[in-house]
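Please keep the sequence and the three-dimensional view at hand while reading.

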Amino acid sequence: MIRPFSLADLNAILQIERESFPKSPYDRRTFIELHTFCPETFLVYVETADQREQISGYIVFIPEGRIISIAVLPSQRRKGIGKELLRKAMEMTHLKRLRVEVRRSNLGAQAFYSRMGFQMIGISPNYYGNEDAFILQWTPSIEKTLM
Ligand SMILES: CC(C)(COP(=O)(O)OP(=O)(O)OC[C@H]1O[C@@H](n2cnc3c(N)ncnc32)[C@H](O)[C@@H]1OP(=O)(O)O)[C@@H](O)C(=O)NCCC(=O)NCCS
């Protein structure tokens, strides 16, 4: 199930963040700010087993069309969770366009976005300090031709 983030999810999100971005995880304060500024577009993916909820992933994006972050627990990857979260963002974006920056070295995420119909539209040199970002973009017309 996908639902909006609530502050009770914070510790689970921080755990996903630390495991997903060991070099530069967002901290507690950043997620609280994201919750304040993007209350409807900070979403979590919840799985229920033995009546217990587990937060397996999250996505936060700006409705005008920019993904701030997406991550799935390493143990839960390649099960379609990232795809479901991104599809939800595609449905909710006002302008039917999404952009995202991805580290040049993050080949897994690049493959994921490519599979989801994103195309590279530019490079931001040293966007991450000493590493470039690839700028990727999705529009419905691109998706139709690729998927
Ligand atoms: C990127 C990420 C969110 C994908 O989540 P996920 O739940 O594993 O993705 P899905 O299972 O929905 O993958 C959908 C498709 O994308 C492609 N894909 C996803 N991860 C991939 C990888 N590491 N390598 C190659 N292709 C990949 C595959 O085609 C996959 O379909 P398949 O498993 O049937 O082959 C996850 O790997 C992650 O959290 N990474 C670390 C954080 C990160 O880099 N976030 C992006 C920052 S911009």
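## A residue of helix 4

F112 has its place in helix 4; helices (H or I, at least four residues) and strands (E, at least two) are DSSP runs, numbered from the N terminus. F112 is partly exposed, because 19 other C-beta atoms lie within 10 Å. Here a residue is buried if 20 or more other C-beta atoms lie within 10 Å of its own, exposed if 12 or fewer, and partly exposed in between, with C-beta atoms placed from the backbone. F112 and R78 are 34 residues apart along the chain, and their C-alpha atoms are separated by 9.7 Å.

The model is a predicted one: local features need pLDDT of at least 70, side-chain atom pairs count only at pLDDT 80 or more, and totals for chains, interfaces and linings use all residues. Residues are numbered from 1 along each chain as its sequence is written.

## The chain as a whole

The protein chain contains five helices and seven strands. Read along the sequence, these elements follow the pattern β-α-α-β-β-β-α-β-α-β-β-α. The radius of gyration of the protein chain is 15 Å, close to the 15 Å that the globule rule gives for 147 residues, so the chain is as compact as a globular protein of that length. The radius is taken over C-alpha atoms, and the globule rule is 2.2 Å times the number of residues to the power 0.38.

Along the principal axes, the C-alpha atoms fill a box of roughly 45 × 35 × 30 Å. Of the 147 residues, 26% are buried. Among the contacts with a separation of 6 or more, 55% are made by residues 24 or more positions apart; two residues are in contact if their C-beta atoms, placed from the backbone, lie within 7 Å.

## Two domains

The domain assignment gives domain 1 (1-82) and domain 2 (96-147); such bounds come from an automatic or database domain assignment. Taken over C-alpha atoms, the centres of domain 1 and domain 2 are separated by 20 Å. Five residues of domain 1 are in contact with five residues of domain 2. On the side of domain 1 that touches domain 2, two residues are nonpolar, two are polar and one is charged. In this classification, Ala, Val, Leu, Ile, Met, Phe, Trp, Tyr, Cys and Pro count as nonpolar, Asp, Glu, Lys and Arg as charged, and the others, Gly among them, as polar.

Strand 2 (residues 42-49) and strand 3 (residues 52-62) run antiparallel and are joined by eight bridges; two strands pair if DSSP finds at least two bridges between them. V44 has Y58 in strand 3 as its bridge partner. Strand 3 also pairs with strand 4 in the antiparallel sense, over six bridges, and the bridge partner of I59 in strand 4 is I70. In the hairpin of strand 3 and strand 4, three residues lie between the strands, and G65 takes a positive phi near 125°.

What lies between strand 2 and strand 3? These strands form a hairpin with two residues between them. Most residues other than glycine have a negative phi. D50, however, has a positive phi of about 50° although it is not a glycine, and phi of Q51 is also positive, near 60°. D50 is exposed, with 4 other C-beta atoms within 10 Å; Q51 is exposed, with 5. A49, in strand 2, counts as exposed because it has 7 C-beta neighbours inside 10 Å. The C-alpha atoms of A49 and R66 are separated by 32 Å, although these residues are 17 residues apart along the chain.

V100 stands opposite L136 in strand 7.

## The shell around the ligand

Of the 19 residues around the ligand, R77, G82, K83, G108 and A111 come nearest; a residue is near a molecule if its C-beta atom, placed from the backbone, lies within 6 Å of it. The shell divides into nine nonpolar, five polar and five charged residues.

Strand 4 (66-72), helix 3 (81-92), strand 5 (98-103) and helix 4 (107-115) each supply at least two residues of this shell. The largest share, five residues, comes from helix 4. Domain 1 and domain 2 each contribute at least three residues to the shell.
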